[in-house]
Amino acid sequence: MKTPGAVSSLCWSGDALVDPVGGMVRYGLDGTTDDPHIRYAYRFDRAVVSPDGRYSVLYESLGTAGLLLEGTRVVRQLMRDFYQAHVHDYPVALHTLPSGRTLLAHCPESYCVVELEDAATGERLTKRDNTPADIFHSRLQFSPDGRYLASAGWIWHPVDAASVFDVPRALEEPASLDSAALMEGVEGGIFLTSVAFGAKDTLVFVRVDESRDGDRFYLGTYSLTEKKALSEVELEEPAGPLMVVDAEHVVDFFGHPKLVSRTTGRVVRRWEDLDTGKVLASIRHHLPPPPPFALDAAHRRFAVGTANGIEVVTLAAQ
C-alpha cells in the first residue's frame with residue numbers, strides 16, 4: 001500500500017489503517033486515503049485506538065505527555081508520572097464496553113497506580129486511597145472482551161514483570177488494582193518480557209531465563225481462571241511483541257515478523273524484508289525506536305510501516 005510518505009504511527013480501525021500521530025490520516029485497504037489535514041504540534045510517536053474507532057490516544061512513548069481525541073477533536077491532555085518515564089513504554093489502553101462506554105486505562109499520577117476512567121467524561125472510576133504494589137506498569141492491553149487488563153512492565157533490579165487485573169472486579173473494588181496481580185505459577189510473574197491475550201481466558205507469554213551462558217527464551221500459555229501455566233516451550237530465537245494467531249501459532253515481531261509454532265518453539269515462516277525493531281520488553285531507552293506496526297489478531301493480519309508505504313500481511317487459516 002503506497003502512502004505519500006512514511007507513516008508516524010499505525011493502528012487498525014475496522015478494515016482500514018489509521019495514522020493518528022500523522023493527523024488521523026486513514027488508509028483503506030483498497031488504496032484510498034482520507035486526510036483531514038490536521039496536525040498535532042508535539043513529539044507524539046505512538047497511538048492507540050478504541051475498538052469502536054471513536055477515541056484515540058496519541059502519546060510520547062518514552063515521555064510523559066498524551067492526548068485523548070474523539071475523532072479529530074481534542075478531549076483532554078493526559079500525563080503520566082515523570083519517574084523513569086524516559087526508560088519504559090507509556091502505559092495506556094482503550095476498550096469499548098457493550099454499553100458503548102469507552103474505558104481509558106493509564107497511570108496519570110503514579111507509575112505504579114493503574115486507573116480506569118470514562119474516556120468521554122474523564123470520570124475516575126477507580127478512586128481509592130490505598131498503598132499500591134511497587135511495579136512500573138507498561139504496555140497496558142485489554143483482552144478482546146474487556147474482562148482483563150494486562151500490564152507488561154518491570155520491577156526493581158530491574159526485572160521484567162507481568163500482571164493481569166480483573167476489570168469488572170476493579171470497577172467494583174478499585175483497591176484490587178493495587179495488588180501485585182502477578183501471574184502465579186510462572187516464575188512468580190517476573191522474567192516475563194511480553195504477553196498477548198489468546199483464546200478464551202488464556203494469556204500467551206514470553207519468559208526469559210538469564211544465565212552466564214546466555215539468555216534462553218520460552219513461549220508459554222497461561223490460564224487466567226486456573227492461575228497456572230498450561231504449556232511452555234523453549235524458543236529457538238529471542239522473541240518480543242506477540243500476536244496470537246491461533247492455538248498453534250503466534251507472530252513474533254522481534255527484528256522482523258516471524259510465524260512461530262507454539263508447540264515446538266521453532267520459526268516456520270519469516271518476513272525478513274519488514275523491519276519491526278529490536279524491542280524485547282518495556283525498557284527500551286537504549287534502543288532505536290521501532291518502526292510503526294499494527295496488529296489485528298481477530299482477523300489474523302498485521303501491518304508494518306515502511307519507507308515507501310504500508311505492508312499488510314494476512315495469514316491464511318491453517
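Q: Through how many residues does a hairpin join E13 to E14?
A: This is a predicted model, so let's start with how its strands pair up. Strand E13 (residues 148-155) and E14 run antiparallel, with eight bridges between them. The hairpin that joins E13 to E14 does it through three residues.

Q: Which residue in E14 does Trp-154 stand opposite?
A: E13 covers residues 148-155 and is joined to E14 by eight bridges. Across from Trp-154, the residue in E14 is Asp-160.

Q: How many of the eight residues of strand E14 are buried?
A: Strand E14 spans residues 159-166 and is largely enclosed by the rest of the structure.

Q: Which residues form one aromatic cluster with Trp-154?
A: Trp-154 already came up as the residue opposite Asp-160 in E14. One aromatic cluster takes in Trp-154 together with Tyr-83, Tyr-111, Phe-136 and Trp-156.

Q: What kind of aromatic pair do Tyr-83 and Tyr-111 form?
A: The count for the model comes to 11 aromatic pairs. For Tyr-83 and Tyr-111, the centres are 5.5 Å apart and the angle between the planes is 50°. Planes under 30 degrees apart would count as stacked and over 60 as edge-to-face, so the 50° pair is tilted.

Q: How many residues apart are Tyr-83 and Tyr-111?
A: Tyr-83 sits in the loop between strand E8 (73-79) and strand E9 (92-96). Tyr-111 is in the loop between strand E10 (102-106) and strand E11 (115-118). The pair thus links distant parts of the chain, and the separation is 28 residues.

Q: What kind of pair do the rings of Phe-253 and Phe-302 make?
A: Phe-253 lies in the loop between strand E20 (249-252) and strand E21 (258-261), while Phe-302 is in strand E24 (residues 301-306), 49 residues apart. Phe-253 is buried at 0% relative accessibility, and Phe-302 is buried at 0% too. The ring centres are 5.2 Å apart and the planes stand at 85°, so the pair is edge-to-face.

Q: Which residue lies over the face of Trp-12?
A: Charges over rings turn up here as well: the charged end of Arg-207 sits over the ring of Tyr-218, 4.5 Å from its centre. Over Trp-12, at 4.2 Å from the ring centre, lies Arg-301.

Technical notes
Residues numbered from 1 in each chain as written. Predicted model: local features only at pLDDT ≥ 70, side-chain atom pairs only at ≥ 80, totals over all residues. Heavy atoms only, no water. Phe/Tyr/Trp six-rings, centres within 6.5 Å; stacked < 30°, edge-to-face > 60°. Helix = DSSP H or I, 4+ residues; strand = E, 2+ residues; numbered from the N terminus. Buried < 20%, exposed > 50% of the residue type's maximum accessible area, 1.4 Å probe, protein only. Lys NZ or Arg CZ within 6 Å of the ring centre and 35° of its normal. Pairing = 2+ DSSP bridges.
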